[in-house]
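Here are my notes on the model, point by point. Please read them with the structure open.

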Amino acid sequence: MKAADYIIDFLATHGVDKIFVLYGAANGPLIDAFTRTNKTDYIATMHEQGAGFAAEGFAKMRQIPGVAIVTSGPGAQNIITSIANCFYDSVPAIFISGQINANFLRPDPSVRQVGFQECDIAEIVKPITKYSKMVTKHEDIRYELEKAWFVSQERRPGPVLLDIPINVQNADIDPDTLFSFNEEAEHIGFDLQKIDGHIRSFLDDLRKSERPAFMIGGGVRLANCVDKLREIATFLQIPCFPTWNALDIITSDFELYGGRIGTYGGAGRNFGIQNSDLLLAIGSRIPGRITGGNVSTFARGAKKYVVDVDQVLLQQKLQQVPFDENIYCDAGIFCERLLQQIKSEKIASSLPDFKPWVERVMHWKKKYDPVAESLAAKDKHSVNGAEYTHPYKFVRELSRQVDQNAIICGDLGGVSVIIAHALDTKTGQRYFSSNGNAPMGYSFAGAIGAWIAAPDRQVIALIGDGGMNMNIQELQTLINYQVKVKTFILNNHIYGITKAYQLTNFNGRTEACGPEGYNPPDFVRIADAYGIKTFSINNDEQIEQIVKETLSYDGPAVCDVNMHDFHVYQPRIFGWSTPIEDMYPYIPRDEFRANMYIEPHESWENPVYPDVIAETME
C-alpha cells in the first residue's frame, strides 16, 4: 500500500474519524487517500489556522489527538499559532505537513532555498512541540506515526509535527515489515511510595488546618479524574478555586465552588485563596496571571502543595512561587490514591470542622459577584446618552439559558475576562478556551471542531469583534458542513482589553485599538452574505428573547451583541506590585481588613487610586 494510505488508515483505526485539512500540492497524496477509505473523512476549512484551531477543539472534546493536515511552505507556517496553542494548553494533537520531494530540499542549511515552497517547518516548531520530525525515509513511517501518537498523549500532552515529503507519501510500503515504536521503552513510572508519603504529609497538615483550599487546573480533566476530584472535595469539605482552564471542572453549581482567582479575580475577589492556611494545587502551573506580579504575596499564609506531571514545573528554582511540597504525579493517580487513603482511614472523622471557613468563603463569593457589583454600580451600559448591551448581563443570561450539556468555547482578550467574571457553568457542560497562548480568533474555529466532535450537543462560540475578524472566512465552513454552532459576537467596536491597558499605561492615549486605527465591519451583513441566519442584540431589554431565539434556531447562527465601547473589566489588580486580594475598584479599608484572616499587605497602608482609570469608569 502507499504510505499516504497507511497514514490515513492509521489515524482512522485510532479513532480519529474527522481530520481537518486544507489542500495543497505537497499534501495531495494524503488528501487523495481519503478516497480509498470509509473509516474517516476530512473537513476542509478555509484557512490552515482554522484547521489547526478546529483540530484543537476536536481534541478537547474527544480527548484523543486532533489532526490537521496542511501543505508545505506557507501552508505549514499558517498552523504555527495552532501548534503553540496545543503546546501551552497541553492539548494532544498531530499536525502533518506535506513537504516537497526530498530530491529538491536544500542540501545544506547555508543554502536558503532550492525547492518551490520549501520550508523546514520541523525545525521551526521544535520549541513548541513535544516532538517534531521530517520523515525522509518511507521505511520510518510506521515508527514515526506510532511515536507521534504516543508522545502527543504521554504524561503532559501536547502537539507533535510530522513533515512528510511527497515522495515518501507516494512510496509503496509493507507495514508488517517496518519497525514499530516500543512504548514500554519510553515509559517511566511514578514513585508511588513517595507519592503516598506526600499524601500522608498533606493529611497531617490538614488535621492542623483551619482554612484549607484546593486550586484546580485543566490537568484534572486531562487525567480523567474530574469526578474523583469533586468527590475528594466533598468528602473533606474543602472549598475549590478553578483556574480559567477548569471552569467546567469546578462548575458554578458545585457546592464547594469558592470563586475564581487571578489578576482579574472573579466571584470572591481572591479572598478565599489568599486567606488559606493550606493550599493544594492539582493540575495547574502557577503563572503570574494567577499570582499577580508580587508573587511573594500569593497565598502567603499557606503551606503550599502542588501536584504536576511536568517535572520541570516542580523545581523550586524555576517556580515563580516556590511551593513547599512538589509532587511529581499524574493528577488521576494522585486523586485515586488520595481518595483511597481518606476513605480507608476515615480521615473525615479526625479533621477539624471546616464549616465556618466554607461559609465564609461562600459569603465572599456571593457578596463579591462581579456581575452584581457591576450592574449595581451602573444598571445600564451607555455611551453619550445612548444605551447598549451590558456584556456581563448578557453572559449571565446566556448562562441561564444554555443546555445542561452545552459546549461553550470562549475567545481571548476582553472576552475571556467577561467570561471569567460572568459565565456561570453547570455540571455536565464543557467550557474551554486557549488560555496559554491566547490568540484572538480561536473560539470560532475551535467551536467548529468541538461541534464536529460532538454534533448532538449545543455548541456556542463567544468571541469579540476583533477576534471574529481573525478567522471570519470559516463562516463558509459552517455552511459547507452545516455546523450548527451558535456564535455570539461581543461587539464593542474596539480592542477593549487593549484600550483599558492603554488608558492605564499611556496617559489615556488609545492608538490603533479603536476608533483610531480600528473599526470593525458590519458582521450581520457579512454573515447574511454567507447565507447564515443572523440576530442582533442592541440593549439589555432584548437579551432574554434574542438569546432564546438564537439558541433555538436549527442551524448555524451568528448573533451580534452590541456592547459599544465597553472596556471596563473589573475587578482587577492595578499594576504588578499589588497582591491579588487588593483589587480595583477598591473596597473600603475597614471592610477590606474585616475580610482578611492574615495581615494585609503593606500596599494597603498607602493604596494607589489611579486617576486615569477612575475617570474611565464613569
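1. Confidence. This is a predicted model. Mean pLDDT for the chain is 91. Of its residues, 96% reach 70 or more. One stretch calls for caution: over residues 611-618, pLDDT stays under 50. For that stretch the model has 16 contacts beyond four places in sequence.

2. Sheet order. Five strands, E8-E7-E9-E10-E11 in that order, make up an open sheet. The pairing is parallel. Strand E8 (240-242) and strand E11 (325-328) are the edge strands. Each has a single partner strand, so one side of each lacks a neighbour in the sheet. From one strand to the next, the twist averages 15°.

3. Take strand E10, residues 303-308, and its partner E11. The two run parallel and are joined by 4 bridges. As a reminder, strands of a sheet pair through backbone hydrogen bonds, either parallel or antiparallel.

4. Helices on the sheet. Helix H12 (residues 226-236) packs on it, touching strand E7 (212-216), E8 and strand E9 (278-282). The direction of H12 makes about 170° with that of E7. Helix H15 (residues 331-344) lies across E9, E10 and E11. Its angle to E9 is about 135°.

5. Helix H7. This helix covers residues 141-153, 13 residues in total. From first C-alpha to last it reaches 19 Å. That is close to the 18 Å expected at 1.5 Å a residue. How much of H7 is covered? Mostly: 10 of the 13 residues are buried. Just after H7, Arg-155 takes a positive phi of about 55°.

6. His-567. Where is His-567 found? It sits in the loop between strand E19 (557-562) and strand E20 (572-573). Is His-567 buried or exposed? Its relative accessibility is 12%, and the cut-off for buried is under 20%, so His-567 counts as buried. A polar atom of the His-567 side chain lies 2.7 Å from the backbone oxygen of Asp-565.

Notes: Residues numbered from 1 in each chain as written. Predicted model: local features only at pLDDT ≥ 70, side-chain atom pairs only at ≥ 80, totals over all residues. Heavy atoms only, no water. Pairing = 2+ DSSP bridges. Axes fitted to C-alpha atoms, helices over the stretch in contact; angles between N-to-C directions. Contact = heavy atoms within 4.5 Å. Expected span 1.5 Å × (residues − 1). Buried < 20%, exposed > 50% of the residue type's maximum accessible area, 1.4 Å probe, protein only. pLDDT = per-residue confidence, 0-100. Polar contact = N/O pair within 3.5 Å; in protein donor to acceptor, adjacent residues only side chain to side chain.
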